[in-house]
Amino acid sequence: MASTPLRVLVCRVSSVLFYLTMYISILFFGLISIDRCRKTLQPFKGTNSARLARRKLLSAAVWIFLLALCLPNVILTSKIPTSPYFKCSDLKTDAGLRWHEVVNHVCQVVFWGNLVTVIVCYTLITKELYRSYARTKSRITSTATCRAQDRGTARRPQQARSTMNANVFLVLAVFFVCFVPFHFARVPYTMSQTRGLLFDCKLKLFFFQLKESTLFLTSLNSLLDPLIYFFLCKSFRTSLFKALRLTPGTCGWFISSESDSISPMRNTSVCK
């Protein structure tokens, strides 16, 4: 078991920072999905200095809102542990317990709202890309002089559709696997900590173990997101190779040329 001062530090600071960065990531994921959706539906509408300034203000507002929401959790976790066997809730004042419950409900609204936003945006993106591929296919098949070439390229729209479905499913699957189980488990766990009289010791232990196991899944998001960007987003790989001063063909043996042959999905729905 870790020392008491270290566990107190985890309860007062580390846990708060972990949840702060997690919900900032979730909020930005939703905002970026909206931006990707807008650029897909309105591809010729550029970004001027006024829109860029509004985006910076919105990003600052997200940080300020979540910092203001999480900072009281640090301040109100001020009790001194009377035993080496304590929970983080034991260090909170009465006001801290009530605030912690309020923060949990606000974070639930933030998450489920973003989840609906992401699903809607990616559904609209997929529909628009289907229309784009359909238009491309109709132009190819309507050209009489390219009939011989059509036999070799007729499969490309179908390949594009399957790749597009796989990419959309992968992005949403990572979001679901990393965050949905935790948010189902967090509500009863928080209630067991803030309203202890309603739960016996076995139930508290069960909700704690459930929360910890799902919390592990949320940590995987920091590992899975870079992998998604690397394998599905050519522009991200290009920027990464440029930053690391590597040649564009690096890892070509690991990433087949076919994986980047269909670029609209990479640049629209995955590259955030």
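Read along the sequence, the predicted model follows the pattern α-α-α-α-α-α-α-α. The protein has 8 helices and 0 strands. Helices (H or I, at least four residues) and strands (E, at least two) are DSSP runs, numbered from the N terminus. Residues are numbered from 1 along each chain as its sequence is written. The model is predicted, with local features requiring pLDDT of at least 70 and side-chain atom pairs pLDDT 80 or more, while totals for chains, interfaces and linings use all residues; side-chain values use heavy atoms, without hydrogens and water.

Of the 272 residues of the protein, 36% count as buried. Here buried means under 20% relative accessible area, exposed means over 50%, and partly exposed lies in between (1.4 Å probe, protein chains only).

The unreviewed UniProt entry lists residues 16-36, 57-76, 102-125, 164-184 and 213-232 under "transmembrane region". UniProt positions follow the numbering used here, feature names are shortened, and annotations may be inferred rather than shown by experiment.

Aromatic contacts come next. The structure holds 10 aromatic pairs. Rings of Phe, Tyr and Trp (its six-membered ring) pair if their centres lie within 6.5 Å; planes under 30 degrees apart count as stacked, over 60 as edge-to-face and the rest as tilted. Phe18 and Tyr19 form an edge-to-face pair, because their ring centres are 5.6 Å apart and their planes stand at 80°. Phe18 is partly exposed, at 29% relative accessibility. Tyr19 is buried, with a relative accessible area of 17%. Phe29 and Phe175 make a stacked pair, 4.9 Å centre to centre with 15° between the planes. Phe29 belongs to helix α1 and Phe175 to helix α5 (residues 155-194), so this pair ties together parts that are 146 residues apart in sequence. Both Phe29 and Phe175 are buried. One aromatic cluster is formed by Phe29, Phe111, Trp112, Phe175, Phe179 and Phe184.

Phe179 also figures in a comparison of sequence and space. Leu220 and Phe179 are 41 residues apart in sequence, and 9.7 Å separates them in space, C-alpha to C-alpha. Leu220 sits in helix α6 (residues 201-232). Leu220 is partly exposed, at 26% relative accessibility.

Charges also sit over rings. The criterion is NZ of Lys or CZ of Arg within 6 Å of the ring centre and within 35 degrees of the ring normal. The charged end of Arg7 sits over the ring of Phe86, 4.1 Å from its centre. The charged end of Arg186 sits over the ring of Tyr19, at 4.7 Å from its centre.

Side chains of opposite charge can pair when their charged atoms come close. A salt bridge is a side-chain nitrogen of Lys or Arg within 4 Å of a carboxyl oxygen of Asp or Glu. By this rule the count comes to 7 salt bridges. Asp90 and Lys87 meet in one of them, at 3.7 Å, N to O. Asp90 is partly exposed, with a relative accessible area of 38%. Lys87 is partly exposed, with a relative accessible area of 38%. Glu128 and Arg131 form another, at 3.1 Å, N to O. Both lie in helix α3 (residues 94-141), 3 residues apart, about one turn of the helix. Glu128 is buried at 18% relative accessibility, whereas Arg131 is partly exposed at 43%. Lys211 and Glu212 are bridged at 2.6 Å, N to O. Lys211 is buried, at 7% relative accessible area; Glu212 is partly exposed, at 33%. Salt bridges that share partners join Asp35, Arg36, Arg38, Lys39 and Arg55 into one network.

A nonpolar surface patch of about 390 Å² is made by Leu6, Leu9, Val10, Val13 and Leu17. Patches are made of residues with over 30% relative accessible area and no salt bridge, joining like charges within 9 Å and nonpolar side chains (Val, Leu, Ile, Met, Phe, Trp, Tyr) within 5 Å. Accessible areas come from the Shrake-Rupley method with a 1.4 Å probe; for residues, only the protein chains shown count as cover. Leu6 lies in helix α1 (residues 4-41). Leu6 is partly exposed, at 43% relative accessibility.
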